[in-house]
Amino acid sequence: MNALASPTQPATATVTAPVIEATGLGLTFETGDGPVHALSNVDLAIGKGEFVSFIGPSGCGKTTFLRVIADLEQPTAGRITVNGMSPEEARRQRAYGYVFQAAGLFPWRTIERNVALPLEIMGYSKAEVAQRIARTLDLVNLTGFEKKFPWQLSGGMQQRASIARALAFDADLLLMDEPFGALDEIVRDHLNEQLLQLWDRTNKTICFVTHSIPEAVYLSTKIVVMSPRPGRVTDVIDSTLPKERPLDIRETPEFLAIAARVRDGLRAGHSYED
Amino acid sequence: MSTPRKMNLVDTAFQRVLLFLIIILTLLFYPLLEPPYLSGPGWQSVLILPLLAYIILVLVQRYRGTALPPVEMGVGLFLLAYVPICLSSLRGFDGEEAPRNYWTTVAACALAAWLLNDLLSGPKYRTGWRGTFAKFAVPAIFSLTLLFLWEVLVRAFNVPFVLLPPPSAIGVRIANSLPVLAADVNQTIFKAVFAGYAMGCAAGFVVAILADRFLFLRRGLLPIGNMVSALPIIGIAPIMVMWFGFDWQSKAAVVVVMTFFPMLVNTVAGLTAAGHMERDLMRTYASSYWQTLFKLRLPAAMPFIFNALKINSTLALIGAIVAEFFGTPVVGMGFRISTEVGRMNVDMVWAEIAVAALAGSVFYGVIALAERAVTFWHPSIRGG
Ligand SMILES: Nc1ncnc2c1ncn2[C@@H]1O[C@H](COP(=O)(O)OP(=O)(O)OP(=O)(O)O)[C@@H](O)[C@H]1O
Ligand SMILES: [Mg+2]
């Protein structure tokens with residue numbers, strides 16, 4: 001099923017050209033034992049300031065789609081624009097921050113030097129770098145760990161440091177690939193809240209991959225349900241939840257109704273496969 | 001293993017303590033009762049006094065049931081007393097039979113050294129200042145034991161001097177030839193090795209970066225590099241003498257050729273060590289080739305580069321010394337070795353070898369220290 005971008009969102013009022021627009025997008029990996037259709041005929045438009053979650057079973061192409069947006073993978077069919085440009089141009093303009101599935105911190109740099117890495121590359125001034133390190137580390141609750149090396153931190157703390165690294169520079173688009181997968185429930189709740197606040201304050205567009213239905217519903221203005229073999233979009237659900245979302249919104253009937261719809265979408269994808 | 005009784009002696013391995021006590025009891029009274037047999041200068045008997053004091057202390061403490069002094073101390077005092085006696089007794093028996101208790105004493109010393117190292121490797125000596133002490137003491141005791149046995153065996157069995165001189169003779173030779181040795185070290189190490197090593201490693205590194213940038217260089221050069229690394233390059237030494245003359249420059253040239261390819265091959269391998277995700281990350285920042293090189297790929301390559309630096313430190317020393325066998329001015333470690341062996345002055349040959357070993361170890365050690373400082377983050381060094 002093809003999804004249409006509805007320009008009117010309950011949570012975001014802006015009506016502008018979409019930040020990401022994919023039409024008939026397909027990506028086939030040529031592997032030793034035949035082609036793998038990681039993405040097939042994906043149509044999707046993501047407007048400015050939206051919070052979009054991608055959910056679907058393992059191997060349905062969520063990471064691949066994010067990588068295509070980031071120009072880390074080239075599509076083999078269809079077209080995609082990011083900020084109205086090709087992904088490559090957008091990447092060269094440093095249009096997005098990417099949080100990988102694993103933290104990927106450099107072990108020879110301290111936490112603060114890791115956060116400073118993109119800033120050094122993009123040529124920020126020394127004072128600016130120091131100020132941004134302090135601000136983003138505070139945002140992910142890592143103040144006090146500036147001088148530690150990544151291998152001295154727990155996996156969850158490393159992941160938070162990698163989020164801080166992606167937030168350190170001004171990109172309007174944030175691509176996050178299961179950033180909270182390795183964290184415990186409480187920290188996850190906390191970071192979910194923080195992420196929502198950050199999104200609210202900065203008006204960034206966020207693409208967020210997750211395996212958790214509650215997380216997807218809690219965070220998103222739009223939920224993209226995907227299914228594998230070939231990887232495609234089976235449902236796009238626009239959230240009716242208000243922008244103001246306390247954690248206990250997760251017990252409301254409205255929330256549960258959306259969650260049920262996501263679950264149905266996932267089930268449909270699975271049964272299709274068998 | 002441990003018994004409920006709280007005593008040092010029994011807390012450590014019981015059998016070892018027994019062995020230790022037997023050694024002491026059987027040997028302690030021999031030289032005192034029969035002075036002509038183990039015949040050091042009289043003052044050496046004084047060295048036995050601390051050991052006697054220790055034994056008395058053990059007996060007293062045992063009688064009173066309080067904590068015993070550490071076994072290590074007893075073993076150390078035993079070695080202090082008997083090793084000098086063993087060494088000085090050697091003087092006597094050129095042609096004669098060895099004194100009756102001589103070999104038992106030597107064996108007891110070797111056993112005691114073994115026991116001491118065993119104790120110093122125990123759990124008590126893993127951490128803190130004791131750990132640091134043991135880290136240096138154990139190898140020192142180990143090599144001193146080897147030197148001791150070398151000395152004793154060579155002299156007791158009258159091994160011909162040209163075959164294997166005793167270490168003491170080598171030591172005396174070193175002490176008496178310091179100016180010559182210093183001149184040789186200056187010529188071979190400070191000129192040939194350092195110049196060749198620096199140029200060879202730097203060139204290998206720079207070419208590796210170029211090979212990384214230009215695929216044709218990588219494809220063309222790496223197979224050659226791998227092949228040349230397997231060749232006995234030292235064979236080019238005579239050619240280098242023709243090209244660069246007799247002095248140290250031709251030796252440095254040999255060292256350059258020897259160290260170039262290991263550095264090239266290792267650096268190229270190291271530049272591929274950075275992970276895919278880290279590279280993708282740099283790509284998302286639209287990082288330039290040089291930024292990615294300096295901020296990601298070179299740091300990730302450092303363990304490989306230091307590996308090459310360490311291999312090359314050994315190669316450079318071998319290369320410079322052996323290259324001098326093929327013609328040199330009348331100074332240099334290789335020159336000295338090849339001429340003195342012709343004159344049957346083997347102690348001088350061994351002296352040069354000892355100096356080369358020392359210089360090589362220091363060279364290697366300095367690089368290893370630098371490696372620890374630079375690649376502190378690597379799991380093999382941070383102990384993860
Ligand atoms: N570089 C590649 N070469 C070949 N096949 C690939 C490659 N990358 C991904 N694939 C395949 O593409 C499909 C989609 O992979 P992708 O990583 O996008 O899944 P995903 O939805 O992110 O899964 P997960 O939830 O487990 O992370 C999988 O079948 C995978 O095997
Ligand atoms: Mg994935």
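1. **Ground rules.** This is a predicted model, in which local features need pLDDT of at least 70 and side-chain atom pairs count only at pLDDT 80 or more, while totals for chains, interfaces and linings use all residues. Residues are numbered from 1 along each chain as its sequence is written, chains are lettered from A and ligands numbered from 1 in the order in which they are written, and side-chain values use heavy atoms, with hydrogens and water left out.

2. **The sheet in chain A.** Six strands form an open sheet with mixed pairing, in the order β5-β6-β7-β3-β8-β9. Strands here are DSSP runs of E with at least two residues, helices are runs of H or I with at least four, and both are numbered from the N terminus; two strands pair if DSSP finds at least two bridges between them. At the edges of this chain A sheet stand β5 (96-99) and β9 (232-238), each with a single partner strand, so one side of each is left without a neighbour in the sheet.

3. **A parallel pair.** Strands of a sheet pair through backbone hydrogen bonds, either parallel or antiparallel. In chain A, β6 (residues 173-177) and β7 (residues 205-209) take the parallel sense, over five bridges. Look for A:Leu174, which stands opposite A:Ile206 in β7(A).

4. A polar contact with the ligand is a pair of N or O atoms within 3.5 Å. The side chain of A:Thr63 has an N or O atom 2.5 Å from an oxygen atom of ligand 1. From the backbone, A:Gly61 places an N or O atom 3.1 Å from a ligand oxygen, and a polar backbone atom of A:Cys60 is 3.3 Å from an oxygen of the ligand. Taken alone, ligand 1 exposes 640 Å², of which the protein buries 64% (Shrake-Rupley method, 1.4 Å probe).

5. **The shell around ligand 1.** Of the 14 residues around the ligand (a heavy atom within 4 Å), A:Ser58, A:Lys62, A:Thr63, A:Thr64 and A:His211 come nearest. Which element gives the most to this shell? That is α1(A), with three residues.

6. **A leucine in chain B.** Helix α10 (residues 215-229) of chain B holds B:Leu221. Leaving out residues up to four places away in sequence, B:Leu221 touches B:Val207 and B:Leu264 (contact means heavy atoms within 4.5 Å). B:Leu221 and B:Leu264 are 43 residues apart in sequence, and their C-alpha atoms are 9.2 Å apart in space.

Notes
Polar contact = N/O pair within 3.5 Å; in protein donor to acceptor, adjacent residues only side chain to side chain.
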